[in-house]
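Me: I am new to this structure and would like to go through it step by step. Could you show it to me?
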Amino acid sequence: SSGINAEYGVATDPTEDALKMHFLVHTSIDVIEEKLSSATAANDPRDLYLGQLYPNEDYRIYGYVTNTKIKIVVIETISNPLKDARQVFSQVHSAYISLVCNPFYSPGETITSQPFLQTVTALMRGKAIA
């Protein structure tokens, strides 16, 4: 079912607790909604990167919103930090654009596209995508 804040895909490291990751993602979506609703003239609406959303003792949680209000959340462990969160979001956003340009993908469906999932998996493993 398609709807506001519907989940279209969550990729997790097999060593992490999937239920805990889902909880963190859904909590993060609430924080993103709050940030978007309280946006002011001081916030540049063209800046899609929201930065770190909230503190957590084990993870750093970052948010990103596309021009079409698609929300992307990246969760990293404190012990394995990202080198450049903006670059990760840019690459995921580019992969998402390629996904939605595919005539066989219907927006709102669960994401099963292998190229998209391969990009996300490579980024999770810390490999830059060219």
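This is a predicted model: local features need pLDDT of at least 70, side-chain atom pairs count only at pLDDT 80 or more; totals for chains, interfaces and linings use all residues.

Me: Thanks. What is the order of the strands in the open sheet?
Reply: The three strands are ordered S1-S2-S3, with antiparallel pairing. S1 and S3 are the edge strands, each pairing on one side only. Strands here are DSSP runs of E with at least two residues, and helices are runs of H or I with at least four, numbered from the N terminus. Two strands pair if DSSP finds at least two bridges between them.

Me: How many bridges join S1 and S2?
Reply: Five bridges join S1 and S2 in the antiparallel sense. Pro 55 stands opposite Arg 60 in S2.

Me: Now the helix. Which strands does H2 lie across?
Reply: H2 lies across S1, S2 and S3 and runs at about 135° to S3. For such angles, axes are lines fitted to C-alpha atoms, for helices over the stretch in contact (heavy atoms within 4.5 Å), and the angles run from 0 to 180 degrees between N-to-C directions.

Me: Which residue caps the N-terminal end of H2?
Reply: Asp 84 does, with a side-chain oxygen 3.3 Å from the backbone nitrogen of Arg 86.

Me: And what do the buried residues of H2 pack against?
Reply: They pack against strands S1 (49–55), S2 (59–65) and S3 (71–77), and against helix H3 (114–124). Buried means under 20% relative accessible area, exposed over 50% and partly exposed in between, with a 1.4 Å probe and protein chains only. Phe 89 counts as buried because its relative accessibility is 0%.

Me: Changing topic: how many aromatic pairs are there?
Reply: There are two. Tyr 49 and Phe 89 form a tilted pair, at 5.8 Å centre to centre and 55° between the planes. Tyr 49 is in strand S1 and Phe 89 in helix H2, 40 residues apart. Tyr 64 and Phe 89 form a stacked pair, at 5.2 Å and 5°. Rings of Phe, Tyr and Trp (its six-membered ring) pair if their centres lie within 6.5 Å; planes under 30 degrees apart count as stacked, over 60 as edge-to-face and the rest as tilted.

Me: Which residues do the ring pairs link into a cluster?
Reply: The cluster consists of Tyr 49, Tyr 64 and Phe 89.

Conventions: Residues are numbered from 1 along each chain as its sequence is written. Side-chain values use heavy atoms; hydrogens and water are left out. A polar contact is a pair of N or O atoms within 3.5 Å; within protein, one must be able to donate a hydrogen and the other to accept it, and residues adjacent in sequence count only if both atoms are side-chain atoms.
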